[in-house]
Amino acid sequence: MPGAVVLSGFGPPEVLRWAEVSLPEPADGQIRIKVKAAGVGPTDLAIRGGHLKAFPLGPDTVLGFEAAGTVDAVGPGVEGTAVGDEVAALLFGLGGYAQYALASIWTRKPAAVSWVDAAALPSSAEAAAGVLRQLDVKRGETLLLFGGGGSVGVIATQLAVAQGVKVLSAVGARDDALAARLGATPVRYGPGLLDEVRRSGDVQAVFDAAGKGVLADAVSLAGGPERVITLSDPAAADFGVMLSHPSPDRAPGALDEAMTMLAEGRLTMRERMTMPMAQAAQAHRLLESGEVHKRIILTL
Ligand SMILES: NC(=O)c1ccc[n+]([C@@H]2O[C@H](COP(=O)([O-])OP(=O)(O)OC[C@H]3O[C@@H](n4cnc5c(N)ncnc54)[C@H](OP(=O)(O)O)[C@@H]3O)[C@@H](O)[C@H]2O)c1
């Protein structure tokens with residue numbers, strides 16, 4: 001039987017355990033991937049910790065919104081992909097921390113892109129492109145981006161700058177240089193942010209890719225909640241702000257576009273490191289403690 005990192009309950013990283021699971025069968029429109037690498041994201045940590053209460057826990061729940069690997073089986077109705085193809089996938093149904101994962105949204109992995117980079121791309125690229133589309137940012141507008149040094153923020157910065165949008169990137173000190181290198185104007189998140197942003201001019205839209213209690217400032221700076229979107233702040237409804245969720249229609253085609261940019265050397269991603277998949281619990285521990293300021297990609 002194949003193996004996977006199973007979520008045995010909500011709690012500390014130790015609830016993640018390597019276990020034997022049944023081989024998943026692809027349903028209509030799905031492919032099965034023999035996984036080479038899978039991304040660990042902050043939402044995985046939130047689910048594991050029991051902070052996303054609505055999340056249902058099944059007997060074989062496996063975390064991981066993104067993975068890269070080789071197509072191993074193809075379900076009914078799937079066209080344009082065959083067994084043996086190298087792909088990166090966005091896993092709306094989770095399941096990335098496993099030897100085999102099922103996917104219904106994927107893109108080809110060009111030879112120029114490593115397995116690790118391919119696995120780091122899908123969730124952040126889809127979220128970045130999706131929220132920029134939902135905000136409908138236009139050339140010449142100013143976008144304030146919270147979390148500009150994070151995985152989503154780094155990609156969102158580049159997509160927005162390429163569209164001719166002026167990006168004010170709210171980052172900590174260690175990400176100032178990165179934000180500037182990507183074409184944004186860094187501003188420091190924290191108590192002085194409101195004044196610093198007001199001094200630099202009007203803001204038309206705010207993308208909260210941090211989720212750390214910034215919505216009052218965001219709404220104030222944007223002059224209302226209409227063009228403020230957060231990816232993860234649970235207080236969104238209190239501010240009348242949209243909480244944007246992953247969905248197949250949020251940014252169709254975004255994964256293909258981002259993968260092409262990556263293969264052509266036109267996309268920078270947040271720094272990454274790898275760990276063997278069986279050490280998923282340790283990966284969660286390192287991220288939670290703040291000891292590691294990089295993405296962690298689990299490898300097989
Ligand atoms: N809904 C969706 O579709 C979706 C998809 C992907 C991700 N997410 C969520 O979106 C969020 C970002 O994901 P990610 O992968 O980009 O996370 P990440 O790589 O950990 O980045 C988060 C960034 O936020 C920064 N930050 C922390 N506090 C801040 C503050 N008060 N103001 C501004 N920035 C602050 C962090 O900077 P420091 O390093 O200085 O702390 C870090 O650079 C997470 O909450 C994740 O769960 C949601």
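Which residue forms a salt bridge with glutamate 66? That partner is arginine 295, and the closest N and O atoms of the pair are 2.8 Å apart. Glutamate 66 belongs to strand E4 (residues 66-74) and arginine 295 to strand E15 (residues 295-299), so the bridge ties together distant parts of the chain, 229 residues apart. A salt bridge here means a side-chain nitrogen of Lys or Arg within 4 Å of a carboxyl oxygen of Asp or Glu, and by that rule the count comes to 15.

A word on what you're looking at: this is a predicted model, where local features need pLDDT of at least 70 and side-chain atom pairs count only at pLDDT 80 or more, while totals for chains, interfaces and linings use all residues. Residues are numbered from 1 along each chain as its sequence is written, and side-chain values use heavy atoms, leaving out hydrogens and water.

Now zoom out. The chain has nine helices and 15 strands, taken as DSSP runs (H or I, at least four residues, for helices; E, at least two, for strands) and numbered from the N terminus. Along the principal axes, the C-alpha atoms fill a box of roughly 60 × 40 × 30 Å.

Six residues of domain 1 are in contact with nine of domain 2, contact being heavy atoms within 4.5 Å.

How much area do the two domains bury between them? About 640 Å², 60% of it on carbon and sulfur atoms; that is the accessible area (1.4 Å probe) lost on putting the two parts together, summed over both. On the domain 1 side, Leu121, Arg270 and His293 lose the most area to domain 2, together 65% of what that side buries. As for salt bridges between the domains, the count is zero.
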